[in-house]
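Subject: Structure handover and notes

Dear colleague,

I am passing the structure below on to you, together with notes on what was found in it. Please read the notes with the structure open beside them.

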Amino acid sequence: MSIQQDNRFQAIIGHAKEYGFVFPSSEIYDGLSAVYDYGPYGSELKKNIRDYWWKSMTQMHDNIVGIDAAIFMHPTTWKASGHVDNFSDPMIDNKDSKKRYRVDHLIEGYAEQLKDKGNPEKAEAVLASMEALLAKDDFSGLKQLIDDHKIVCAISGTGNWTEIRQFNLMFSTQLGSVAEEADTIYLRPETAQGIFVNFLNVQKTARMKIPFGIAQTGKAFRNEIVARQFIFRMREFEQMEMQFFVRPGTQKEWYEYWREQRLNWHLSLGLPAEKYKWHVHAKPAHYADNAVDIEYEFPFGFKEVEGIHSRTDFDLSSHQKFSGKKMTYFDPEINQHYVPYVIETSIGLDRMFLLILSNSYEEETITKEDGSTDSRVVMHIPAKIAPIKLALFPLTKKDGLPELAKELMEECKPHFRCFYEEKDAIGKRYRRQDAIGTPFCVTVDHQTKEDGTVTLRNRDTMTQQRIHRSELKNEILKAIF
């Protein structure tokens with residue numbers, strides 16, 4: 001990451017705290033590593049992203065329904081899913097600093113340094129070697145790669161490394177009132193298994209025919225040793241997942257269908273296509289026959305935001321084996337029972353939130369009519385997911401203007417989120433709304449009393465137009481839907 005990009009990222013993090021998007025968790029106790037709280041505007045933005053995804057999946061598709069499964073699940077679930085045996089990351093420790101690193105993160109950090117020094121070819125070669133070794137689970141080869149390139153610990157500055165070993169990422173806890181009698185269970189590391197174990201419940205009660213999908217949003221937990229990059233990688237995070245059940249043999253076409261659909265969803269928010277790219281997995285997970293990531297160019301480089309995976313029939317077949325219960329579907333079109341194949345779309349809500357912040361943040365210099373300059377920090381959050389859609393300002397605190405502005409707010413707030421403010425000069429009020437991403441501001445002035453018109457100001461262009469107060473609600477609705 002270049003110094004300029006690092007400065008931009010730090011500015012985004014500072015802005016997120018200052019304007020009520022994201023706070024360090026338990027901050028009065030000096031915080032908790034890799035855990036964050038969402039503030040007034042952050043929680044609203046997060047909800048709006050979640051709702052936009054949910055609507056696109058369930059409301060806009062006749063053959064997708066939703067569930068809300070519990071975080072705690074029977075411990076055998078995670079044996080059947082492969083998480084007990086396979087949910088691990090290769091780790092390495094520095095003997096001098098005692099700091100533990102995820103091997104891929106350590107090598108990726110070294111590659112970034114090479115790029116910053118003007119050697120992108122060598123950086124790409126190192127990353128290609130790493131990908132090939134990870135695909136083969138060649139830990140000795142990865143260790144040799146680290147040694148050959150003299151990759152050192154950021155704290156100790158030494159290359160005194162342990163051997164590489166696997167580290168399971170699941171959090172375990174006890175279920176029961178007495179610790180000695182309690183059973184060990186896990187906080188779910190993903191939301192998908194809640195969908196799989198409910199496959200037949202949903203199929204029968206919602207009377208679904210294949211192909212059909214089940215969508216879910218919810219918290220998941222991973223004991224990340226190297227949690228980093230603000231809310232990009234956390235120990236407690238939220239996923240938005242949809243499992244799409246298909247007839248065996250049709251998975252390739254549905255995989256391609258959902259690849260296209262999911263990228264189009266991102267672009268429907270007005271996000272720039274050039275900031276996205278595909279990353280095809282050299283070695284898909286143990287349950288998949290095809291896998292690709294949608295990556296976005298954050299200030300710290302291209303990183304995964306969403307995965308589309310062809311999971312075959314691994315999950316349902318495995319739960320059938322471990323539970324002893326049939327997980328088959330009778331397909332009347334071909335008169336056969338079979339275990340369906342699954343196409344998964346899985347997007348990190350917190351990562352999507354950070355994507356929106358990263359794409360929206362701008363420090364802008366404004367040239368005034370008299371030739372002088374001013375500056376503002378503006379969040380160009382897409383209007384349809386902005387925390388506040390409309391801010392209403394009376395020009396003064398007297399002459400009945402606050403009453404008129406509040407009347408307008410009462411008309412609008414049942415339809416979208418509004419904000420009212422009468423303190424400070426109009427310019428300062430505009431700047432505060434720019435900083436939280438409010439797309440529209442309305443000023444009620446003395447002319448409003450004469451002809452019923454108000455001034456509607458656009459966040460991005462800063463243009464202002466007079467419209468009749470009776471048109472205001474519909475103007476905003478047209479922009480946000």
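**The second largest pocket**

The lining of the second largest pocket is made up of 10 nonpolar, seven polar and eight charged residues. Please keep in mind throughout that this is a predicted model. The pocket has a volume of about 610 Å³, and it is lined by 25 residues, of which D51, Y52, K55, K384 and F481 lie nearest its centre. Two helices, α2 (40-59) and α10 (251-267), each supply at least two residues of this lining, and α2 gives the most to it, with eight residues.

**Helix α10**

At 1.5 Å a residue, the 17 residues of α10 should span 24 Å, and the C-alpha atoms at its ends are 24 Å apart, so the two values agree. Which residues of α10 are buried? They are Q251, Y255, W258, R259, R262, L263, W265 and H266. Because these residues cover an arc of only 150° around the axis, they lie on the same side of α10.

**Helix α14 and the residue after it**

In helix α14, which runs over residues 426-436, the buried residues are I426, R429, Y430, Q433, D434, A435 and I436. The residue that follows α14 is G437, and its phi is positive, near 90°.

**T312 in strand β13**

The last item concerns T312, which belongs to strand β13 (residues 301-312). Is T312 buried or exposed? Its relative accessible area is 15%, and because buried means under 20%, T312 counts as buried. A polar atom of the side chain of T312 lies 3.3 Å from the backbone nitrogen of F314.

If you begin with the pocket, D51, Y52, K55, K384 and F481 are the residues that lie nearest its centre.

With best wishes

Notes
Residues are numbered from 1 along each chain as its sequence is written. This is a predicted model: local features need pLDDT of at least 70, side-chain atom pairs count only at pLDDT 80 or more; totals for chains, interfaces and linings use all residues. Side-chain values use heavy atoms; hydrogens and water are left out. Buried means under 20% relative accessible area, exposed over 50%, partly exposed in between (1.4 Å probe, protein chains only). Helices (H or I, at least four residues) and strands (E, at least two) are DSSP runs, numbered from the N terminus. On a 1 Å grid over the protein atoms alone, a cavity is a set of points where a 1.4 Å probe fits but cannot get out, and a pocket is an open set with protein on both sides within 12 Å along at least five of seven lines; lining residues have an atom within 4 Å of a point. Grid points are joined across faces, edges and corners, and a volume is the space filled by probe spheres set on the points. Ala, Val, Leu, Ile, Met, Phe, Trp, Tyr, Cys and Pro count as nonpolar, Asp, Glu, Lys and Arg as charged, and the others, Gly among them, as polar. The expected span of a helix is 1.5 Å times one less than its number of residues. The arc is that of the directions from the helix axis to the C-beta atoms. A polar contact is a pair of N or O atoms within 3.5 Å; within protein, one must be able to donate a hydrogen and the other to accept it, and residues adjacent in sequence count only if both atoms are side-chain atoms.
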